Amino acid sequence: MENTDSHLHDVIPVSGMYEDWFLEYASYVILERAVPALNDGLKPVQRRILHAMKEMDDGRYNKVANIIGQTMQYHPHGDASIGDAMVGLGQKDLLIDTQGNWGDVRTGDGAAAARYIEARLTKFGLEVVFNPQTTEWKLSYDGRKYEPVTLPVKFPLLLAQGTEGIAVGLSTKILPHNFIELIKASIDILRDKPVSIFPDFPTGGMVDVTNYNQGKKGGKVRVRARIEELDSKTLVIKDVPFGITTDGLMESIVKANDAGKIKIKKVIDNTAKEVEVQVQLAVGVSPDITMSALYAFTDCEISISPNACVILDDKPLFTSVDEMLRVCTRNTVQLLEKELQIRKHELLEKLLYSSLEKIFIENKIYRDIEEATTWEMVLQIIDAGIEPFKPQFYREINQEDIIKLTEIKIKRISKFDAFKADELMRNLENELQEVEQNLANLVEYAVDYYKNLLTKYGKGKERRTEIRTFDVITATKVAANNQKLYINRAEGFIGYNLKKDEYVAECSDIDDVIVFLRDGKFKVVKIAEKVFVGKDIIHAEVFNKDDERKVYNAAYLDGETGVSYVKRFQVGGITRDRENDVTRGTKNSKIWYFTANPNGEAETIAVQLSPGCKAKTKVFDFDFSTLSIKGRSAQGNILSKYPVRSIKFKMAGGSTLGGLNIYYDSKIGRLNTEERGTYLGSFHSDDKILALYTDGTYEIMNADLANRYQITEVINLYKFDPKVIISSVYFDGEHESYYIKRFLIETTTIGKKFSFITEHKKSKLLMVTTEAQPQIKLTYTDMAKKEVSNIYDVDLLTEVRGWKALGTRLPNQRVKSVQIVSSEEGE
């Protein structure tokens, strides 16, 4: 039998191997694939693509397939990964000049095959990315070629392009920023000014950077598509959030509709050069509420969490975008200094050789070497000839310099022109002086460099994404009513599947419901098909915890003492599914009377005591308006210490809350009650809002907090008063004249715009105000072509007429501007 003991010595222990292998793999993925280097802002595959394109560059387009093949000399991965990375670079429209179908990030369309599309480096890329003299090189993976360690990029490329990558154990997500803003911020850094930079997406849209946190981990930005109201039945989405395609956006809208969160008829994609997705609304659906619902339930609004992680000194570094910009700016200054030092050395060498050449020819040293019999004698004769001039050179003359003199051709010696030689040396000295001046003032030189980039390449790179502060949309407020709430009072069930029971109200499937029972218990539950809440329900309704106007009036019997109490209370924030008490919570307590009042109304009730009680007055009225509104746990006031037989409603009362104070936040175009923005007034249920628009129209509308206004279209909002006179100045395109008019609003239609200027396409509104007696400053050009400004009382220029009236023509027909001088409102 063969002895197998010897084979035991061949067993290799694997303990520790996995850890080493995993660590090596993780390091490789982090450093060589997923995370970009801070110095040049590129991942290795991107750097190799650009290096290969530079090697191939002859000013003409190259097939992408050829570029991929060239890149594979440096990149040890397949052609697909190189092609995808190159398309990503090309779609950023900064370093690569593309030709052919390169896809569309907005629609999600892919690029054509590599053999059909072409590319070359942009002028910007050639200027800021490459310089072999300042590039650090290393051998490629197979040792046949040299490739850059990092490219000498003199621009915050990583912040301009943005990037995303998932490695082993960490990830990075850096959002793109605006080209112009980055350059201006770099200049501010050089001048020791504070900087703040924010994302700018190629897809446009709007962004809320309140929680951006300088792009660090834990930060967040909210991105919205721009939605416009085409008409009362159609919304138009004008762009898509970053990272979302039109197909994905439409799919999310359809899903929200199928789930009942919104109500639409159809979605149509009309995207061509510009994004245009039409959303046709169902009959009777509010465009304003649907717009909010699109932000709440679809990809029209998304949150993006940045995570700025880069490679610096071969290690991953978590940092902020502001710090990254400072590092890139310092790196740019160092590269510029290195380029200047190289140029200075080149100029000194050219001056040295030009001087040597002049000395060699003018002093006819070349004749002295005719009799030399050996090469060593030739070098010695030339060295002796230039010896008297050596002190004027910036360095010692070596043998290599002397050898170069021996290589001067006879033809050049015979045609040597001392005047031209001196002129060349003067030019070199002037350039050297300029280089030394730049080195002495390196910061200003760097500022001029950035300004030059801005001048040459800044056109067309203006900010595309508008920075806004978004309102917080409560999903339950904007969700479409896709269900109906039913109640079974006796058995104690509520839900939207109890269709044979009592109907309560329309609701959505994400609403909460508040339920009150006869024994005084109440709680808030999540709506469902069928939920048991307790027997003997006296009231149930959709619950809105933020409703500050809702007031409950109640009369109850305390089971312990037999005393009846009355109270007015609000519920406010409450824990879901937790039991609460209207009463004191004692055994045998019960509700005598209960009402829910949406605007704080206080009615009068008729109270009848038990006939056998000792009370002198057994029938009396009680007015709830005499009570203060308190919290839900308040005991209330004593109604009667005697037994109550019945309590009935007697007479309705008004609200005790007064009007609702409404404000207009012009930053986001929304109404609110949180004192943000301009105070419009105290509104009761029948009060309206007047909106004046830049296109010369006005609109009367209900004071609904769900209203949404386009901030670029609204001049101002007011509490509507039909007695208030509107004053305006406008240009009439039909008669090509300026008119001033004062008018009262006579229309009563709600939600319709009326134009108070002429409807000619060239007509435009210059000024409008609700000031009682406004003064305007009219600036115009007189007959002598001089600019003149006069102040006028509007009520003296024209009388009050109808809103359709043309108005009074102004005598000055070369009006340059109109300003209100009696208030802060302006043109």
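Strand β1, at residues 62-63, and strand β3, at residues 118-121, pair in the antiparallel sense over 2 bridges, where pairing means that DSSP finds at least two bridges between two strands. The strands themselves, like the helices, are DSSP runs numbered from the N terminus, with at least two residues (E) for a strand and at least four (H or I) for a helix. This is a predicted model, in which local features need pLDDT of at least 70 and side-chain atom pairs count only at pLDDT 80 or more, while totals for chains, interfaces and linings use all residues. Residues are numbered from 1 along each chain as its sequence is written, and side-chain values use heavy atoms, with hydrogens and water left out.

Let us stay with β3 for a moment. Its residue A119 is the bridge partner of N62. Strand β2, at residues 96-99, is also joined to β3, by 4 bridges, and these two strands run antiparallel; here I96 stands opposite L121 of β3.

Now I turn to the loops, and to the backbone angle phi. Most residues other than glycine have a negative phi. Q214, however, which is not a glycine, has a positive phi of about 60 degrees, and this residue is found in the loop between β8 (206-208) and β9 (221-224). Q214 is partly exposed, with a relative accessible area of 35%; the term covers values between buried, under 20%, and exposed, over 50%, with a 1.4 Å probe and protein chains only.

Which residue lies in the loop between β27 (580-581) and β28 (590-597)? That residue is N588, which again is not a glycine and has a positive phi of about 70 degrees. N588 is exposed, with a relative accessible area of 60%.
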